[in-house]
Amino acid sequence: MLKRIRKFWVVLCVGCCAGWLLPASAQQVSDKHATKEAKRLFQRLYTLQSKYRIFGHQDALAYGVGWKGIPGKSDVATVVGEHPGLMGWDIGHLELDAAKNLDDVPFDSMKQYIRQVHAAGSVITISWHLRNPLTGGSAWDTTHGTVASILPGGSKHAVFNSWLDKVAVFMQDLKDDNGRYIPVLFRPFHEVTGNWFWWCKNNATAENIQQLWRYTVQYLREQKKLHHLLYVYNTAEFADAQAFLQYYPGDDVVDVMSFDQYQHEPVAQKQQFIQIMQQRVQVLCATAQSHKKIAALAETGMEAVPDPQWWTTVLLPIVERYPLSYVLVWRNHGYMPSTGKMHYYGPYAGQVSAADFLRFYQHPVMLFQQKLANQKVNKRKR
C-alpha cells in the first residue's frame, strides 16, 4: 500500500511538471481589479508554459558587448536574427530621482524600449535594486533592521512610501499607442533566500518580509491604483518546497513563482549543476501548480558563457522538460573594470557559444519575439 501511495505522488508531481494538469480556466490573476491586458497576459503565459519556454535577456536593447544605444540592436538578434521574447529591466535608483538606473540606462529610454518591445510582441519584466532606505547605502547594504524600519510605524516608513510613489509614477507612464497600460511582470525583493540584499532572510524575519511584500502590493494597488502589474515571487537557492515558501506572502499578492540561480562551477562540473537545477525546477513547477501560479526561471546563466555547448547541453535540458513560462539570462555589460573581466550572459556574434545558441533558438520549445508575437500574448482580449 505504501509503495502505491509513493508511486501516486511521484506520478502526480511529474504530471504537473509535464503539463498534464494545466487547466487555464482555473487560473486567475491575483488582482481582482486587474486590467484586461494584465488578465490576458496571465492567462496566455499560463497556457503557453505547457508547451513553450519564452527566452528573456536583461537590458537587451539598451547595450551589449562593445556597443550602447544603437536603435534596433540586441546581441541576441546579431546571432539569431530576432530579439528575445522577454525583456528584463531594473528601476534601481528611480527612488533617488536619478535620470539613469543603477546600470546607466536612462529611465526615459527604458520607457521607450518597453513601449517598443511590447508593440513588437515581447513581454516585460521589471526588478528593483532599491537603495537601503535606513542607511542610504546600496541594495547590498545588509544593515539589520532595515525591513522593520520601513513597515508601518517604522522610522523610515514615510521614506519608503515616497519611493513607492515614484515607482507608481513610472509604472503609470507605461502605456501603448492606444493609451492602454502595458502589463508588467514586477519582481520586487528578489532572491529573498539569499544573504546579499537588505531584504534577504539574514536581515529580517519571515513575517517581516511577508509584511513588506503585502504592504508594497497593497499600496500600489489600493493607494496608487496600479492594476496592470503581475507580481513575481522570487528566491535564490532552496532545499525543498517548504524552504521555497518560507517567505511566501500569499496567493492574493503573487502571480508568478520563480527562483534565480547561476552556474559558477567549472564547465567540467556542469552535470552536477544540471541535476540540482532540474530538482529545483521540478519543485518549483509542482509548487506553482498547486497554488495555481505561473512558474519561471527569473535569472540564470554562466558568466562569459565559456562552454561552447552551454545552451543546448546545460540550459535546454533544465528548461525543456518542465512547464516554465520563461527563462531569463542576465545582462551583457561587456568588460567590467572593477573586476578586470568580461561580464555578460547572452551570446553575441562571434562569441564561442553563438553557434550553439542558434541551435537552442531553433528548438521547437523556445519562443523568441516573432514566434511569441504569433501567439498573440499582447493582443487585447475583446
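The model is predicted, so local features need pLDDT of at least 70 and side-chain atom pairs count only at pLDDT 80 or more, while totals for chains, interfaces and linings use all residues. Residues are numbered from 1 along each chain as its sequence is written, and side-chain values use heavy atoms, with hydrogens and water left out. The largest pocket has a volume of about 520 Å³, the ring rule gives 27 aromatic pairs, and helix H10 is largely enclosed by the rest of the structure.

**Largest pocket**

- A pocket here is an open set of points on a 1 Å grid over the protein atoms alone, where a 1.4 Å probe fits and protein lies on both sides within 12 Å along at least five of seven lines.
- The volume of about 520 Å³ is the space filled by probe spheres set on the points, with grid points joined across faces, edges and corners.
- The lining consists of 20 residues, and Glu-191, Phe-197, Tyr-262, Glu-299 and Trp-330 lie nearest the pocket centre; a lining residue has an atom within 4 Å of a point.
- Nine of the lining residues are nonpolar, five are polar and six are charged.
- In this scheme Ala, Val, Leu, Ile, Met, Phe, Trp, Tyr, Cys and Pro are nonpolar, Asp, Glu, Lys and Arg are charged, and the others, Gly among them, are polar.

**Aromatic pairs**

- Rings of Phe, Tyr and Trp (its six-membered ring) pair if their centres lie within 6.5 Å; planes under 30 degrees apart are stacked, over 60 edge-to-face, and the rest tilted.
- The count by this rule is 27 aromatic pairs.
- Phe-189 and Trp-199 make an edge-to-face pair, at 6.1 Å centre to centre and 70° between the planes.
- Both residues of this pair are in the loop between strand S6 (184-187) and helix H7 (206-223), ten residues apart; helices (H or I, at least four residues) and strands (E, at least two) are DSSP runs numbered from the N terminus.
- Phe-189 is buried at a relative accessible area of 5%, and Trp-199 is buried at 0%; buried means under 20% relative accessible area, exposed over 50%, and partly exposed in between (1.4 Å probe, protein chains only).
- Trp-310 and Trp-311 also form an edge-to-face pair, with 4.9 Å centre to centre and 90° between the planes.
- Trp-310 is buried at 1% relative accessibility, as is Trp-311 at 0%.
- Ring pairs join a cluster made up of Trp-140, Phe-189, Phe-197, Trp-198, Trp-199, Trp-213, Tyr-233, Phe-238, Phe-244, Tyr-248 and Phe-259.
- Arg-280 sits over the face of Phe-238, 5.9 Å from the ring centre; the rule requires NZ of Lys or CZ of Arg within 6 Å of the ring centre and within 35 degrees of the ring normal.

**Helix H10**

- Helix H10 (residues 310-319) is largely enclosed because eight of its ten residues are buried.
- Those buried residues are Trp-310, Trp-311, Val-314, Leu-315, Leu-316, Pro-317, Ile-318 and Val-319.
- The buried residues of H10 pack against strand S1 (53-58), helix H9 (270-290), strand S9 (294-300), strand S10 (326-329), helix H11 (354-362) and strand S13 (366-367); contact means heavy atoms within 4.5 Å.

**Single residues**

- Ser-122 is in the loop between helix H4 (107-120) and strand S5 (123-127) and is buried, with a relative accessible area of 1%.
- Not counting residues up to four places away in sequence, Ser-122 touches Pro-84, Gly-85, Leu-86, Met-87, Val-117, Gln-369, Leu-372 and Asn-378.
- The C-alpha atoms of Ser-122 and Phe-368 are 8.0 Å apart, although 246 residues separate the two along the chain.
- His-157 is in helix H6 (residues 157-172) and is buried at 16% relative accessibility.
- Leaving aside neighbours within four places in sequence, His-157 contacts Ser-149, Ile-150, Leu-151, Pro-152 and Tyr-215.
- Arg-40, in helix H2 (residues 36-48), is buried at 18% relative accessibility.
- The C-alpha atoms of Arg-40 and Gly-145 are separated by 39 Å, with the two residues 105 apart along the chain.

- Phe-189 has a positive phi, near 50°.
- Ala-304, in the loop between S9 and H10, has a positive phi near 65° and is partly exposed at 23% relative accessibility.
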